[in-house]
Amino acid sequence: MTSSAFAEVSAAFPWFFPAVAFIFGACVGSFLNVVIYRLPKEQSVVTPGSHCGCGQPIRFYDNIPILSWLILRGRARCCGRAFSFRYPFVELLTGLLFTVCWLHFPPVVAVCGWIFVSCLVAATFIDLDHMIIPDVFTIGLGVLGVFIAALVPALHGHDSGIYLVDALRGVRSALLGLLIGSGLVLWIALIAEVVLRKEAMGFGDVKFVGAIGAFCGWQGAVFTIFGGAVVGTVWFAIAWAWEKTTGRRAAAAPPSETPEGEAAPLGFGAHIPFGPMLAIAGGLYFLFFRGPVLSWMAEMAQLF
Ligand SMILES: [Zn+2]
């Protein structure tokens, strides 16, 4: 499609491309459900096709993102076993994130955003289930971020028109984000370990913030660390209040889909995954806060 045809369709049907982005995102979300479930078990994410817990393959018409879950009311057609609300939730979330990317960024940057938010969603739910973030979403995502910054320097706001200059600036932004982000978390983790006399943050968090920095720059990495602490505090406060008012044990992490997974009990000193908080903060920065933060920093720089 030529760019003028693209612009014409956009002008005549403003809802068309955002709707396509949502549907595509929901389909990617459906694939992410498979990745979240299978990747930590080192199973192939391609074969075999989706199948029910009873062993029956799931038909394509029962595997439509979001809709199938609603039509079947969260139950399998073959044997009636319940499917977690989390499956349509991940599809809906990914669809919404893809739509926001599309609405906020030029198309080519939006596609980079799709890759980034997909990895954040997968890393979040794997960390909730297993307390680990696979290397592919930390080291892999960081390396990918540097490559993408060279291919699409506009991701880091470099748009001078001279590609080679922009590409070098893009790589510099991504590398600075990666190194400053992971270096800062490493120092925080080391200091916290000395002060608290226990491991406060895992090495996975160090690598994960580095990867977020490769997509968000060093400013985004710093925002992610402090934003993640805020998100974590709110998360903890809500879970703690829920535990106090209902008298029931709040699970810091939701029960895993896997039989061996157990809901993590909440309590001070409990081991709570920090990856989801970092992913939320990093995603918020990428989608909403990058512009305001960078212009605020430019204003501050003028003052001093
Ligand atoms: Zn079944």
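**Figure 1. The two domains of the chain.** Domain bounds are taken from an automatic or database domain assignment, and for this protein chain the assignment gives domain 1 (15-104) and domain 2 (132-304). The C-alpha centres of domain 1 and domain 2 lie 25 Å apart. This is a predicted model, in which local features need pLDDT of at least 70 and side-chain atom pairs count only at pLDDT 80 or more, while totals for chains, interfaces and linings use all residues. Residues are numbered from 1 along each chain as its sequence is written.

**Figure 2. The packing of helix α2 against helix α5.** Helices (DSSP runs of H or I, at least four residues) are numbered from the N terminus. Helix α2 (residues 16-38) packs on helix α5 (residues 107-130) at an angle of about 35°, and their axes are 10 Å apart; axes are lines fitted to C-alpha atoms over the stretch in contact, and angles run from 0 to 180 degrees between N-to-C directions. Val-28, Leu-32, Val-35 and Ile-36 of α2 make the contact with Ser-118, Val-121, Ala-122, Phe-125 and Ile-126 of α5, where contact requires C-beta atoms, placed from the backbone, to lie within 7 Å.

**Figure 3. The loop between α2 and α3.** Pro-48 is placed in the loop between α2 and α3 (67-71), and a cis peptide bond with omega of about -10° joins Thr-47 to Pro-48. Glu-42 lies in the loop between α2 and α3, and Glu-42 has a positive phi of about 55° although it is not a glycine.

How values were computed
Helix = DSSP H or I, 4+ residues; strand = E, 2+ residues; numbered from the N terminus. Contact = placed C-beta atoms within 7 Å.
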